[in-house]
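Here's a quick briefing on the ligand and the pockets in this structure. Have a look first, then read on.

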Amino acid sequence: MTTAATALPLLALRITAGPVELRGVTDDLLGPLADLATDIHEADFMPFGFPWSLTPASEMPRNVAQYHWGKRASFSPAQWNADFAVFFDGELVGAQGFTTKDYLVTRCGETGSWLGRRFQGRGIGTAMRQVICAFLFDHVDAQYITSTAFTDNPASRAVSRKTGYTDNGVDRVNRLGKPATMHRLVLEPANLVRYKHDLNVEGVPEFRKSIGLDTGEQVPQDQSR
Ligand SMILES: CC(C)(COP(=O)(O)OP(=O)(O)OC[C@H]1O[C@@H](n2cnc3c(N)ncnc32)[C@H](O)[C@@H]1OP(=O)(O)O)[C@@H](O)C(=O)NCCC(=O)NCCS
């Protein structure tokens, strides 16, 4: 049967590992994710490079939905996002994403994540990052995964360290009108610290085709020739 996931196989991707489940963000998950997103951090702390989490609660459903619809609309092998709703023991707890450009050439992209505040500090953030990184290396042929975190975000930096990422420099950025230091991190397959449960995946062959893998077409190595 032809469904929305036929057009965008990301929607049917499922990655499970013990109590952790990552699911492509289908429309039924947008409202529950928006509800969770209204309480991610203290009002005086901004963990994100783009301060989307300050969106008023009344506007969060549209903000979250438009973000995901926008990423779906622009999905192509040249530029794609794989955003997942994260479940722990069957309960929706947050989101884990991966964003990339020119993946067929670079085999590189960046992870980003958040949990509803009441689900933080229980090891779930580390588990979901370890799971997505194992998925990207084992099932999607990634070679480098990057991440960023502000100096004053020790939880995010600890998750990266515990997953095996190493320091990759800093950037000075504008955070809500004030200067802030953003740490860059990078992970290579040999350094990955794996989650204690193995991964089970569904929907991978279709997803790989949708990002231009397994199509039998050669990627031009040198555009100048
Ligand atoms: C970042 C986030 C995803 C991490 O998930 P989490 O489930 O809370 O993290 P975990 O429980 O797996 O691990 C957090 C680690 O950070 C450490 N940590 C937390 N606060 C800390 C602090 N103030 N100082 C030092 N270490 C700290 C914890 O001790 C833990 O390490 P440990 O298990 O070795 O003790 C989650 O906290 C979150 O959503 N934060 C708000 C949004 C955000 O920051 N997103 C990332 C943007 S870059």
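On a 1 Å grid over the protein atoms alone, a pocket is an open set of points where a 1.4 Å probe fits, with protein on both sides within 12 Å along at least five of seven lines; lining residues have an atom within 4 Å of a point. This is a predicted model, where local features need pLDDT of at least 70 and side-chain atom pairs 80 or more, while totals for chains, interfaces and linings use all residues. Residues are numbered from 1 along each chain, and side-chain values use heavy atoms, leaving out hydrogens and water.

**Around the ligand**
- The shell has 21 residues (a heavy atom within 4 Å of the ligand), and G123, G125, T126, N153 and K162 are the closest.
- Helix α6 (a DSSP run of H or I, at least four residues) gives the largest share of that shell, six residues.
- A backbone atom of G123 is 2.8 Å from an oxygen of the ligand.

**The second largest pocket**
- Here there's about 160 Å³ of space.
- Its lining includes F45, M46, R175 and P179.

Terms used:
Polar contact = N/O pair within 3.5 Å; in protein donor to acceptor, adjacent residues only side chain to side chain. Helix = DSSP H or I, 4+ residues; strand = E, 2+ residues; numbered from the N terminus. Points joined across faces, edges and corners; volume = space filled by probe spheres on them.
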